[in-house]
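Biologist: Could you walk me through this one slowly, please?
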Amino acid sequence: MVPPRPTAAPATPPVPPPASPPAPAAPPRPPAAPEAPRPAPVRPQHPPHPAPVRPAAPAARPPVRGEDPAGAEEPIGAVQPAKPVARRPVVRPVEADEAAEGPPCPACGTPNLPGRRFCRRCAAPLRPEERPAPLPWWRTVWPFRRRVRVRSGRALRRVLMVLAVVGLLFAGFLFLPAGRVLFEDVRDKLGGTAEISPTGVTASGAAPGHPARAAVDGLTNKYWGAPALGASLTCTFGTPFRLVGVVLHTGASKEPEEFRQEPRPTRADLIVTTADGTVHEQELTLNDKPGQQTVRTGISDVVSVRLVLREAAGQGGGRPIAVGEVEFFKRT
Ligand SMILES: [Zn+2]
């Protein structure tokens with residue numbers, strides 16, 4: 001406000017002279033209503049700035065300047081138009097203070113506003129750490145290869161990862177002996193079985209007329225006659241196979257009367273040898289009655305099975321211990 005005043009003061013001096021003439025010329029003017037608009041166009045040339053000046057020049061000027069109310073009441077005479085004064089540029093204070101309080105530009109050092117992301121001078125990025133981080137190696141492999149938005153497909157990828165981990169754990173579990181046994185056991189239960197005949201049968205001893213071959217001939221009324229406890233029957237197989245179970249028929253016959261006439265084993269050891277030489281030994285407790293008895297084994301890569309008689313019922317008189325039939329079942 002202070003600066004305009006000294007400049008406006010020189011503009012006013014030429015105005016007072018016309019101020020005096022209007023007074024005498026006033027009488028003819030009143031009827032001229034159309035003249036009233038004239039002061040209006042003049043006024044825009046001297047916008048608000050003269051206002052502060054007016055108080056400095058007392059009573060003489062107000063009528064001349066012709067404010068709306070004054071112009072309407074006071075008569076106005078002919079006035080030579082004043083030389084138009086060019087409007088002075090108005091200096092306004094800057095609204096937003098570009099006080100640079102942010103970090104200086106890493107490229108040119110120009111301070112920038114805190115909120116800026118790029119330098120206002122050289123346009124270099126002010127926060128280089130906003131650059132996306134390099135992808136981890138697994139993001140370069142197929143299902144995860146695409147560079148996607150942060151949350152896009154995250155659930156799917158997570159599920160795939162969990163499945164992969166579970167699959168790896170399961171595969172690793174199968175490499176453990178216990179895991180392998182469980183897996184094969186399940187397969188035994190789910191799969192079918194078939195009888196497999198041994199390629200060779202030998203016995204540590206046999207009663208006359210009751211050879212070892214009689215135990216695997218498929219007939220339960222012909223039996224292997226073991227001379228004494230401790231005798232063994234050995235069956236060998238040409239190709240290793242998964243031995244799921246063994247079916248035993250003890251005694252001389254399926255008929256109860258004939259069954260009781262001959263000694264029959266009640267306890268035995270089942271010794272299974274696999275292709276790599278591992279020996280699995282299993283103790284069998286057998287029922288002293290005719291019919292088949294099933295023994296579950298579940299051993300892989302079996303090449304030979306040996307049955308050793310440990311206890312028997314009905315012994316006496318030197319008669320042989322009867323083993324009617326031994327059947328082997330493989331997984332199909
Ligand atoms: Zn910069």
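**Zinc site and core**

Modeller: Along the chain, the spacing of the zinc ion's donors is C-x2-C-x10-C-x2-C, where donors are N, O and S atoms within 2.8 Å of the metal (3.2 Å for Na, K and Ca), and sites may look incomplete since water is not among the atoms. This is a predicted model, in which local features need pLDDT of at least 70 and side-chain atom pairs count only at pLDDT 80 or more, while totals for chains, interfaces and linings use all residues. Residues are numbered from 1 along each chain as its sequence is written, and side-chain values use heavy atoms, with hydrogens and water left out.

Biologist: Which residues coordinate the zinc ion?

Modeller: The zinc ion is held by the SG atoms of Cys105, Cys108, Cys119 and Cys122, at 2.2 to 2.3 Å.

Biologist: Is Cys119 buried or exposed?

Modeller: Cys119 is buried, because its relative accessible area is 4%, and buried means under 20%, exposed over 50% and partly exposed in between (1.4 Å probe, protein chains only). Cys122 is partly exposed, because its value is 35%.

Biologist: New topic: which residues have the most contacts inside the largest nonpolar core?

Modeller: They are Trp224 and Phe328, in a core of 30 residues, a nonpolar core being a set of buried Ala, Val, Leu, Ile, Met, Phe, Trp, Tyr and Cys residues joined through side-chain atoms within 4.5 Å. Its largest share, 7 residues, comes from strand E4, strands being DSSP runs of at least two residues, numbered from the N terminus.

Notes:
Helix = DSSP H or I, 4+ residues; strand = E, 2+ residues; numbered from the N terminus.
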